[in-house]
Amino acid sequence: MIIEEKDFILTCNQGYCWDLELLQTIKPKGKPERQEFQIEGYSMPLERCLQHIVNYRLNKKQDTYSLKEYLQYYKEEVNNIKKLIKNED
């Protein structure tokens with residue numbers, strides 16, 4: 001089974017473990033930059049994949065957070081993922 005969103009791909013490989021690919025910007029010398037999916041990890045539980053996805057998204061927004069800001073934005077991203085799950089029920 002494969003789960004694909006705009007910025008990640010999850011591939012189920014053993015019924016409960018997932019391979020995670022995240023969308024990265026590749027900037028080769030002398031060529032135009034491009035977007036491609038790259039492996040972030042193999043055989044991870046779904047919960048761990050979701051943590052990686054949330055941190056990836058937060059990192060794309062800005063480089064530096066206070067602890068309070070990080071926790072606030074982390075909760076917001078988790079809620080966004082939960083909304084996706086609820087919409088599929």
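The exercises below work through the sheet, a helix and the salt bridges of a predicted model.

Residues are numbered from 1 along each chain as its sequence is written, and side-chain values use heavy atoms, without hydrogens or water. Local features need pLDDT of at least 70, side-chain atom pairs count only at pLDDT 80 or more, and totals for chains, interfaces and linings use all residues.

**Exercise 1. Work out the strand order of the sheet and its edge strands.**

Step 1. Helices (H or I, at least four residues) and strands (E, at least two) are DSSP runs, numbered from the N terminus. Two strands pair if DSSP finds at least two bridges between them.

Step 2. The four strands form an open sheet in the order E1-E2-E3-E4, and their pairing is antiparallel. The edges are E1 (2–4) and E4 (34–45), each of which pairs on one side only.

Step 3. E1 is joined to E2 (residues 8–12) by three bridges in the antiparallel sense. Within E2, threonine 11 is the bridge partner of isoleucine 2.

**Exercise 2. Trace the salt bridges of arginine 57.**

Step 1. A salt bridge is a side-chain nitrogen of Lys or Arg within 4 Å of a carboxyl oxygen of Asp or Glu. The count by this rule is four.

Step 2. Arginine 57 forms a salt bridge with aspartate 7, with the closest N and O atoms 2.8 Å apart. Arginine 57 is in helix H1 and aspartate 7 in the loop between E1 and E2, so the pair ties together parts 50 residues apart in sequence.

Step 3. Arginine 57 also forms a salt bridge with glutamate 77, at 3.5 Å between the closest N and O atoms. This pair links helix H1 to helix H2, 20 residues apart.

Step 4. Buried means under 20% relative accessible area, exposed over 50%, and partly exposed in between (1.4 Å probe, protein chains only). Arginine 57 and aspartate 7 are both buried, and glutamate 77 is buried too.

Step 5. Asp7, Arg57, Lys61 and Glu77 are linked in a network of salt bridges.
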